[in-house]
Amino acid sequence: MWSTGRLEGLFTQEYEVDCPACSSTLFVAFGEYGDFASAGDYVTSDPVKAALLPADPTALDPLPARLHRMATEAGQEKVAHGLTCLFGRATCPDCEEVFAVSDQVLETY
């Protein structure tokens, strides 16, 4: 179930989740630092980064699609972009597992 606590990362432009395959703690970041997953603190160091694959807004499920549309219509482009990242896929830089970001956010928060 989605709650406001789970959506908080849209404003901080990052989620901290565990890789479902190797259990590495990852930062899934989107915004001013770029769009990526890293296995270390990307602000104070320079860890290996892996692909973050935002979802296609036209392919989102009904609730995320509605939130994306509302954010776009309200001129909240950062939130709209964050939603595509949250409901997209990330690649673990340690084991190269590709996973759904939202599944790991639900697991973690």
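Modeller: Two strands pair if DSSP finds at least two bridges between them; strands (E, at least two residues) and helices (H or I, at least four) are DSSP runs, numbered from the N terminus. Here strand S4 (residues 49-53) and strand S5 (residues 89-91) run antiparallel, joined by 2 bridges. In this pairing Leu53 stands opposite Arg89. This is a predicted model, in which local features need pLDDT of at least 70 and side-chain atom pairs count only at pLDDT 80 or more, while totals for chains, interfaces and linings use all residues. Residues are numbered from 1 along each chain as its sequence is written, and side-chain values use heavy atoms, with hydrogens and water left out.

Colleague: With which strand does S3 pair, and over how many bridges?

Modeller: Strand S3 (residues 36-38) pairs with S4 in the antiparallel sense, over 3 bridges. Ala37 is the residue opposite Ala50 in S4.

Colleague: How should I read the side chains along S1?

Modeller: In a regular strand the side chains alternate between the two faces of the sheet. Along S1, Tyr15 and Val17 point to one face and are buried (under 20% relative accessible area; exposed is over 50%, partly exposed in between; 1.4 Å probe, protein chains only). S1 is joined to S2 by 5 bridges, and the two run antiparallel; Glu16 has Phe27 in S2 as its bridge partner. The two strands form a hairpin with 6 residues between them, and Ser23 in the turn has a positive phi of about 70 degrees.

Colleague: Which rings pair with that of Tyr42?

Modeller: Rings of Phe, Tyr and Trp (its six-membered ring) pair if their centres lie within 6.5 Å; planes under 30 degrees apart count as stacked, over 60 as edge-to-face and the rest as tilted. The whole structure holds 4 aromatic pairs. Phe27 and Tyr42 are edge-to-face, at 6.1 Å centre to centre and 75 degrees between the planes. Phe27 lies in S2 and Tyr42 in the loop between S3 and S4, so this pair ties together parts 15 residues apart in sequence. The rings of Tyr33 and Tyr42 are also edge-to-face, because their centres are 5.4 Å apart and their planes at 70 degrees.

Colleague: Is Tyr42 buried or exposed?

Modeller: Tyr42 is buried, with a relative accessible area of 9%, and Phe27 is buried at 17%. Tyr33, at 45%, counts as partly exposed. Phe27, Tyr33, Phe36 and Tyr42 form one aromatic cluster.
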